[in-house]
2 protein chains.
Amino acid sequence: MTRSGTASALMTDLYELTMAQAYFALGMRETAVFELFVRRLPRQRRFLLAAGLEQALEYLENLRFRPQDVAFLASMGMFPEGFLDHLASVRFTGSVHAMPEGTPFFANEPILRVTAPILEAQLVESRLMNIVHLQTLIASKAARCVLVARGRRLVDFGMRRAHGAEAAMFAARAAFLAGFDATATVEAGRAYGIPLSGTLAHSFIEAHDHEVEAFRNFVTARGRRTSLLIDTYDSEKAAQRIVDLARELHASGSPARIQGVRIDSGDLAAQAASVRRILDAGGCEDVEIILSGSLDEHRIEVMLAAGTPVEAFGIGTRLDVSSDAPALDMAYKLQEYAGRPRRKRSTGKQTWPGRKQVFRQRDAHGQLAGDYIALVDEPADGEPLLEEVMRSGRRTQRTPTLSEIRERVRLELSHLPASMKRLEEGDPGYPVRISPRIEALAASIDVTGD
Amino acid sequence: MTRSGTASALMTDLYELTMAQAYFALGMRETAVFELFVRRLPRQRRFLLAAGLEQALEYLENLRFRPQDVAFLASMGMFPEGFLDHLASVRFTGSVHAMPEGTPFFANEPILRVTAPILEAQLVESRLMNIVHLQTLIASKAARCVLVARGRRLVDFGMRRAHGAEAAMFAARAAFLAGFDATATVEAGRAYGIPLSGTLAHSFIEAHDHEVEAFRNFVTARGRRTSLLIDTYDSEKAAQRIVDLARELHASGSPARIQGVRIDSGDLAAQAASVRRILDAGGCEDVEIILSGSLDEHRIEVMLAAGTPVEAFGIGTRLDVSSDAPALDMAYKLQEYAGRPRRKRSTGKQTWPGRKQVFRQRDAHGQLAGDYIALVDEPADGEPLLEEVMRSGRRTQRTPTLSEIRERVRLELSHLPASMKRLEEGDPGYPVRISPRIEALAASIDVTGD
């Protein structure tokens, strides 16, 4: 049932299919150009980070209507047979230009452009957006955590409240490429090679009659370096127990070691400070402190600014659902059909017509200085951000590894102007200009298009 | 890659596996009781609607570690061989008690209870929550739309910005059981039998040089009753074109008919009013008006209160990501192990110990009057809400159809007190009492448990 969903060509909105049928019936087979972009940034974001291209390309490569898909559509009684026959042979044969994953971008900048026969380019709209929207959403949130973490390890803990299995997978991937160090989601470790991290839950402690017994049992049973959760009852008492247990383990010659302690509730900063003192006084200077529980970039920034002793943060729900901005105003719009530029003029939703490129200017230190959105054939200064990644339905570039994308992000984040790295709401003052030719084109369509 | 995620036993947090390994090594094989509940309702919700049980049971029935799962875990080098061998034979052999899908519930009320050997009960935590959390989240949001829709048709339009494919599927299902009439997500139509709805996008209009030509082409190509999108340029001009086209179709004897018009941008209420006047004046009284675009329960309520002429609403992003409350404070906590009640006492996260039942009192008209949370073996008045749905890993009840669940919700919503149906933030004043025996039990554990 749901396991079929992620790979199904029916993972689309019905209107993509009704339009496809109409294009087919009308013989509309010319090339269409659609661009994917975000109309406005959420006020809680000063930049976004493009992500999800890899899964988008996988989707396009594998798009096909299986016999059971066509049979279901036939059972609806609303599609003619000729169209259904045609669907069975549909493959994505078009081109894709896109910003590489991990590229910072801004409102109205196309991050992905599809050029294909209109039936194909239309059909893929819903799922392309579904993939790119989520990963971009999470990567953009995760990048904010990375920017304030001062090198502390960040771990994605959000699977349980992520919106379904694919959301958990995509969140783990997007957070890692944005600079997170690990995830707790095991399947994401397998599928994407992301380092895994995890210790134990309160239930393990509570299944024992005494906390100290739970600690000893867990460490002994694991027989290796492991972390313990110390806030089930009283984290200061627990910290003293950790000190005692560490001595006991050392004396016993066991390979088991206490690597860290996790605190998941209450006043995290205050507990971290007192636990650190207890651990240090007891000779456990090397035992790390891990904090978790309703954390986000704001709480990380405040705790680190206050000097909270901490080596790692587990970030869960607020990352995996991007709780302060759980959706982006992302759109996939027709820019050109049959060689002519097109424009949507619905109130408040106007789009810029034509095939566009984003040119990025940098200062002498590589820092972002401004973007210029122009038509693809316009001469412009700066680095063009959209690259061809697929032609005739096949990839034209080697797929970057997740580590390569992560390294790109590390560089990109180091090149953001200070105003863009701040967490507060507000305009980072980053200039994004539209070329006069695009403006003229828009005006010319406004005169003639209706 | 992601298609394996939804069905994989590795769709779990790493700590479930490290704990499982420790339970195994320590010979901890006694029965554990975990309960799933929401600690606090979001302030934007006056009640929640339980959903997702069907997929939760499917998950438990199908839980198994395939050879490739075990091989991946072995490759991590952190699990002993004996445990990995054991994992391959793990099945869920426990019991599940749960509120039927579609039951309204409140903070601290268990909606699902797992009784199983602790290794099994622990392993399933992350994915059980992942499934039930999302569907409950969306059903609860959708119910609010249904409560204010005054019988207007509601259609889920949210796939593109839902958090991945499974989120889109679960959102379509949860919205439908809560009372929505249809979804645009085709795969959800196939998998769950939900009625599908969809028309066309702006791109179809823009691919034509003239709107009227696009209208005629679409209707003719579809050759049946269909709706048109009229806000690409000017919805009033478009409405007049609809009138003309309707006459033309009628005169031609074509089977094509204009069923409705959709407006997706701008001042929806004002446009609906003027479009309605134009349609009616042109003899198109039977052409329906469909409104969409950033809609939620609040905008529906306001528009209907103002008398906006509308037959259907398309609700997208704000439903599918539950944008005003994108996560619930849901937890899955150990309540009993080896016959002894357990309790978490972490600051701000205390739980009530023991196996619990929720008893619901109703007034003479069936309206909800108050809940009483008691231990399962306590005598109490009212209807017990948790039923046994699985024993020894097998279902004990016929699975209700989605239509049956939807009908239950319809009844339940009609029995909500008026204070619970209001959209504003605020306490609905619904009494949920905890039995004195639970309180006494909690106090006794507090004395002895540390």
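In the predicted model described here, 90 residues of chain A are in contact with 90 residues of chain B, two residues being counted as in contact if their C-beta atoms, placed from the backbone, lie within 7 Å. The side of chain A that touches chain B receives its greatest contribution, nine residues, from helix H2 (residues 14-26) of chain A; helices (H or I, at least four residues) and strands (E, at least two) are DSSP runs, numbered from the N terminus. By class, this side of chain A comprises 42 nonpolar, 29 polar and 19 charged residues, where Ala, Val, Leu, Ile, Met, Phe, Trp, Tyr, Cys and Pro count as nonpolar, Asp, Glu, Lys and Arg as charged, and the others, Gly among them, as polar.

Residues are numbered from 1 along each chain as its sequence is written, while chains are lettered from A and ligands numbered from 1 in the order in which they are written. Because the model is predicted, local features need pLDDT of at least 70 and side-chain atom pairs count only at pLDDT 80 or more, whereas totals for chains, interfaces and linings use all residues.

The C-alpha trace of chain A spans about 80 × 55 × 40 Å along its principal axes, and the chain contains 18 helices and 19 strands. Of the 450 residues in chain A, 56% are buried, that is, they have 20 or more other C-beta atoms within 10 Å of their own, with C-beta atoms placed from the backbone. Among contacts in chain A between residues at least 6 apart in sequence, 73% join residues at least 24 apart.

Chain A is assigned two domains, domain 1 (2-139 + 325-448) and domain 2 (151-320), with bounds that come from an automatic or database domain assignment. The centres of these domains of chain A, taken over C-alpha atoms, are separated by 38 Å, and 15 residues of domain 1 are in contact with 17 residues of domain 2. On the side of domain 1 of chain A that touches domain 2, helix H7 (125-148) and helix H16 (402-414) each supply at least two residues, and H16(A) gives the most, with five. The residues of that side divide into nine nonpolar, three polar and three charged.

Chain A also has an open sheet of six strands in the order S7-S6-S11-S10-S9-S8, with parallel pairing; two strands pair if DSSP finds at least two bridges between them. Strand S7 (182-183) and strand S8 (225-229) of chain A form the edges, each pairing on one side only. Strand S6 (residues 153-156) of chain A runs parallel to S7(A) and is joined to it by two bridges, and Val155(A) has Ala182(A) in S7(A) as its bridge partner.

Key
Buried ≥ 20, exposed ≤ 12 C-beta atoms within 10 Å, placed from the backbone.
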